[in-house]
Amino acid sequence: MAAPTPGMNRFYLLLGAVALAGIAWLVYQVGKPNAVSIPVNVTVLAADTAGFRGYVLGADSAPVEISVFADYQCPGCQSFETIQFPAVRQQLIETGLVRWRYRDFPLDGHPHARLAAHAAACASDQGRFWEMHDVIYMRQAEWSPVRNATGKFSDYAQEAGLDVGRYDECMKSAKFAGRIQASFMEGAKLGVNGTPTFLIGGRLHNDILSSDSLKALVQAQLTKPAP
Amino acid sequence: MGIALLSLAGLFIAIYMYLYKIGKIGTLVCGTGSCETVQLSPQARFLGIEVALIGIVGYAVLLTLALLTLQPRFAGGEWPSRLLTVLAGGAVLFTAYLTYLELFVIHAVCRWCVGSAVIILAIFGLSLADLRRRSREPA
């Protein structure tokens, strides 16, 4: 086999140097801090919570209210929201029996939970909270393990029908960080310490309830004698 | 040699775009700010496959072929050069289609895509020149 000429050796050295520089640049890009982050230790202002107590679905006149404290990155919440919630929506909310209130309760161990909650809050700004909520939960397995989920949520914003330019501005502003923290603090004050936790008739239920269990609990509320 | 270096540069651009798509990179370095619009558009997939992934495979194949043509045992042979030219020609057509999508469907231009388009055009030009040179050389 012929030995490489000095010219070829120089070429291979140059190719190797370009390859190393490229790899170093990619490693730097991957390691760069996230451009969008939602602060945790934010001071909650009165304006953050004024008139806002969660995302509501269902009639104001519904006889029973259920609040769920949930975390977008929690597998149990994902299981509830994708498997049980469609039946709950159809059988309890759309029938006028239940008013549903979704509260953010992002847990510390879930690095993208606040980002996800903020993405959904930005969707609510455009009147598409539930669409975004559904997409984020449905795609949890896709975004949860990645190091940086900003691009994924932007993708979902488009899928949920949002104006992506407005959505990106909203995410960069992190304007709902205080509202998310307020929701977390309210849950903690009520005694919520895990997700999902349901608040029904003044009692906390911290299991992943099935739609049938929820129906039974609603039935119990409806038949409860007035105080 | 130029084709190998350009293919390597194109490969890194494609890997960068793909890392962004799979969530390993949060924000793209992009002067005009339209890179994310392009990368997050439905047109960033072709027949269900990420265009960036197609780019990775394409540039890797071009790089391999370019290195093959430099090997002494292929010095007189035309087939690696011919294959390289055909593939680069196909890549130019695909890039033209993607550029059309950027300009007339997405209405946004990604600088990395423009960079990749320039690279693939240069590869095609160099591969044509190499093929002509080889065909003129006495066997």
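Trainee: In what order do the five strands of the open sheet in chain A stand?

Mentor: This is a predicted model, and what follows is read from its atoms. The sheet of chain A is open and its pairing is mixed, with five strands that run in the order E1-E3-E2-E4-E5.

Trainee: Why is one side of E1 and of E5 in chain A left without a neighbour in the sheet?

Mentor: Strand E1 (55-57) and strand E5 (203-205) of chain A each have a single partner strand, so one side of each has no neighbour in the sheet. The reason is therefore their position, which is at the edges.

Trainee: Which residue of E3(A) stands opposite Leu57(A)?

Mentor: E1(A) is paired with strand E3 (residues 98-104) of chain A in the antiparallel sense, over three bridges. Within E3(A), the residue that stands opposite Leu57(A) is Trp100(A).

Trainee: Which helix of chain A packs on the sheet, touching E1, E2, E3, E4 and E5?

Mentor: Neighbouring strands of the sheet are turned against each other by 20° on average, with direction ignored. The helix that packs on this sheet has a direction that makes about 110° with that of E3(A), and it is H9 (residues 177-190) of chain A.

Trainee: How many residues apart are Arg101(A) and Glu65(A), whose pair links distant parts of the chain?

Mentor: The side chains of Arg101(A) and Glu65(A) form a salt bridge, at 2.8 Å from N to O. Arg101(A) lies in strand E3 and Glu65(A) in strand E2 of chain A, and the two are 36 residues apart.

Trainee: How much area do chain A and chain B bury between them?

Mentor: The contact involves 25 residues of chain A and 24 residues of chain B. Of the area buried between the two chains, 70% is on carbon and sulfur atoms, and the total is about 2200 Å².

Trainee: Which side chain of chain A meets Lys21(B) in a salt bridge?

Mentor: The structure holds 14 salt bridges over all chains, and the count between chain A and chain B is one. In that salt bridge the N to O distance is 3.8 Å, and the partner of Lys21(B) is Asp155(A).

Trainee: Which helix supplies the largest share of the side of chain A that touches chain B?

Mentor: Helix H1 (6-31) and helix H7 (150-159) of chain A each supply at least two residues of that side. By class, the side of chain A that touches chain B has 13 nonpolar, eight polar and four charged residues. The largest share of this side, 13 residues, comes from H1(A).

Definitions and conventions:
Residues are numbered from 1 along each chain as its sequence is written. Chains are lettered from A and ligands numbered from 1 in the order in which they are written. This is a predicted model: local features need pLDDT of at least 70, side-chain atom pairs count only at pLDDT 80 or more; totals for chains, interfaces and linings use all residues. Side-chain values use heavy atoms; hydrogens and water are left out. Contact means heavy atoms within 4.5 Å. Buried area is the accessible area (1.4 Å probe) that two parts lose on being put together, summed over both. A salt bridge is a side-chain nitrogen of Lys or Arg within 4 Å of a carboxyl oxygen of Asp or Glu. Helices (H or I, at least four residues) and strands (E, at least two) are DSSP runs, numbered from the N terminus. Ala, Val, Leu, Ile, Met, Phe, Trp, Tyr, Cys and Pro count as nonpolar, Asp, Glu, Lys and Arg as charged, and the others, Gly among them, as polar. Two strands pair if DSSP finds at least two bridges between them. Axes are lines fitted to C-alpha atoms, for helices over the stretch in contact, and angles run from 0 to 180 degrees between N-to-C directions.
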